[in-house]
Amino acid sequence: MIQENILKLTDYGLLTGLIQPEDKIYIRNRLLELFKLDALDDEVLEAHEKQPAMTITAAQEQLETLLNEMTDYAYEAGLIEENSIVYRDLFDTKIMGLLVPRPSEVTACFRSLYEQKSPQAATDYFYKLCCDADYIRRYRIKKDLKWKTQTEFGLLDITVNLSKPEKDPKAIAAAKLMKQSGYPKCQLCKENEGYAGRINHPARQNHRVIPVKIHGSSWYFQYSPYVYYNEHCIVFHSQHTPMKIERATFQKLLDFVEQFPHYFVGSNADLPIVGGSILSHDHFQGGHYEFAMALAPIEREISFPGFEDIEAGIVKWPMSVIRIRAAQAERLVDLADQILLTWRGYTDEAAFVFAQTDGEPHNTITPIARRRDGKFELDLVLRNNITTDEHPLGVYHPHASLHHIKKENIGLIEVMGLAVLPARLKAEMAKLKQAMLAGEDLRADEMLEKHADWVDTFQANYEKIDESNIDEIIHKEIGLVFLEVLKDAGVYKCTEEGRQAFLRFVDAVAATLTA
């Protein structure tokens, strides 16, 4: 079986273009070496050559099964220490790493397509390679639960993330005993490319990154292995340097969308609570997708002295967003920088906005850039991470009543209207469905108790809840909870009072421009 699977995987590499016909014997020999085999039996080769040629679609669909069988063999042969997902992932990544072209080849092909065809042709090639190399595990991504919920602010995207594997107890215990390593310094560093990984760090032999120049500095372009949305990419600094939102950030974001006009790109904020999960390495996230926030209209047009040539407005969105548009990127940079500087030092006690308390800064911005209708566009999302005794995790953070669905930070992806919800919800929603249909007491169940108050609030809104509509209702209500999450995260609420407070900040920016 292992010999046949080596031949099948080689065929997969040929069909997907990961390897060329001249590489076939070489790859077979590398795989034999990996599995500590001396040769392929003649009868296995003959039987394989008599089989009908496989289509690329069939090969892609069988990759998961093929790798599972190969890692099963590896465990039985003593090549894997434990038969668990962490150890299996380390080994099957090593398998796929043998099929992936060297970084220099990938970069050369990317640049050739960019220059001779188009930026989109280059990213199409690179994204396909990352999928075919199993760096993006398509078969796991398919397991994610996804739906949309209609709201007054447009269609919100809801995902329950199931593609990121949870560590097993043995791997967690083993990781605690391991000597701590500072290499790579984090999972975004360029040193991950080709890295074998370890129990507490994923293998990356099948990982490739593309060097890019952004506003004169060295960065790298890659895709996220978990693909929360179409062509979810990450652009990261060549050095392990902390996140910082500043004038140069706007220049880099706009430079990136000038080079890749079919992508948007944005940055998480640079402060805890309102920032992303990795603040230690400067990076952006982008992709080929249009979020609800990008589709949201301007609710109120505004203008700034000296920048009358720039279209500006407050976006109809539950978070606090100023959108600015112009033909010239540098004009947007000048205005965005002034908005950022003003917001950094802005306090409005009546609106519970404090620039700092006890020397700790609270105000920052989540910026998103895109090209639209031949112009550059920046969305500047105002963020504040102040905490209180009532809201110890953040005033502008999901409040405690919503934690049964979403407790984590509201980063860039959520800001734009895509909920990334925890995997636990799959089991909880399945059990909740059965309990509701059976009329059970949710408060008597340890898993479902936290959802009881929420269910009480929406059950009365429906004439009937039965097998025919309960899935749709639960999905809709989870989406509406996410809407409340975004409202909590909004510094200025979508009320008359909130809008007046928002305009006071706009006036404060204008005052700095005329001072």
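**Buried cysteines, cores and salt bridges**

User: Is Cys189 buried or exposed?

Analyst: Cys189 counts as buried, since its relative accessibility is 5%; buried here stands for under 20% relative accessible area, exposed for over 50% and partly exposed for anything in between, with a 1.4 Å probe and protein chains only. Please keep in mind that this is a predicted model, in which local features need pLDDT of at least 70 and side-chain atom pairs count only at pLDDT 80 or more, while totals for chains, interfaces and linings use all residues. Residues are numbered from 1 along each chain as its sequence is written, and side-chain values use heavy atoms, with hydrogens and water left out.

User: OK, and how many disulfides does a search of the whole structure find?

Analyst: The search finds zero disulfides, where a disulfide is a pair of cysteine sulfur atoms within 2.5 Å. Cys130 is in no disulfide, and the nearest cysteine sulfur, which belongs to Cys131, lies 7.0 Å away. Cys189 is in no disulfide either, with the sulfur of Cys186 as the nearest one, at 3.8 Å. Cys130 counts as buried, at 2% relative accessibility.

User: Switching to backbone geometry: which peptide bond is cis?

Analyst: The bond from Tyr183 to Pro184 is cis, with omega near -20 degrees. Pro184 sits in the loop between α9 (169–177) and β3 (210–214), where helices are DSSP runs of H or I with at least four residues, strands are runs of E with at least two, and both are numbered from the N terminus.

User: What about phi of Asp134?

Analyst: Asp134 has a positive phi of about 70 degrees, although it is not a glycine. Asp134 is placed in the loop between α7 (119–132) and α8 (138–141), and it counts as buried at 2% relative accessibility. Asp373 is also a residue other than glycine with a positive phi, in this case near 55 degrees. Asp373 lies in the loop between β13 (363–372) and β14 (375–384) and is exposed, with a relative accessible area of 72%.

User: Let's look at helix α3, then. Which residues of it are buried?

Analyst: In α3, which spans residues 42–50, Val44, Leu45 and His48 are buried. They cover an arc of only 100 degrees around the axis, which puts them on the same side of α3; the arc is that of the directions from the helix axis to the C-beta atoms. On the other side of α3, Asp42, Glu43 and Lys50 are exposed.

User: And what covers the buried residues of α3?

Analyst: The cover includes α1 (2–16) and α2 (24–34), with contact meaning heavy atoms within 4.5 Å.

User: Which residues touch the most other members in the largest nonpolar core?

Analyst: Of the 105 residues in that core, Leu9, Phe221, Ile324 and Tyr492 touch the most other members. A nonpolar core is a set of buried Ala, Val, Leu, Ile, Met, Phe, Trp, Tyr and Cys residues joined through side-chain atoms within 4.5 Å. Helix α12 (residues 329–344) gives the largest share of this core, eight residues. Leaving out residues up to four places away in sequence, Tyr492 touches a set of residues including Trp343, Tyr346, Leu382, Phe502 and Phe505. There is also a second, separate core of 52 residues, with Ala292, Ile413, Val455 and Val481 among them.

User: Last topic: how many salt bridges does a search of the whole structure find?

Analyst: The search finds 39 salt bridges, a salt bridge being a side-chain nitrogen of Lys or Arg within 4 Å of a carboxyl oxygen of Asp or Glu. One of them joins the side chains of Glu428 and Lys450, at 3.1 Å from N to O. This pair links distant parts of the chain, with Glu428 in helix α14 (residues 424–438) and Lys450 in the loop between α14 and α15 (452–459), 22 residues apart. Glu428 is buried, at a relative accessible area of 5%, whereas Lys450 is partly exposed at 38%.

User: What are the closest N and O atoms doing in the Asp453 and Arg443 salt bridge, how far apart?

Analyst: They are 2.5 Å apart. Asp453 lies in helix α15 and Arg443 in the loop between α14 and α15, so the pair ties together parts that are 10 residues apart in sequence. Asp453 is exposed, with a relative accessible area of 53%, and Arg443 counts as partly exposed at 42% relative accessibility.

User: Which residues do salt bridges that share partners join into one network?

Analyst: The network consists of Glu290, Glu311, Arg323, Arg325, Arg370, Arg372, Lys375, Glu377 and Asp379.
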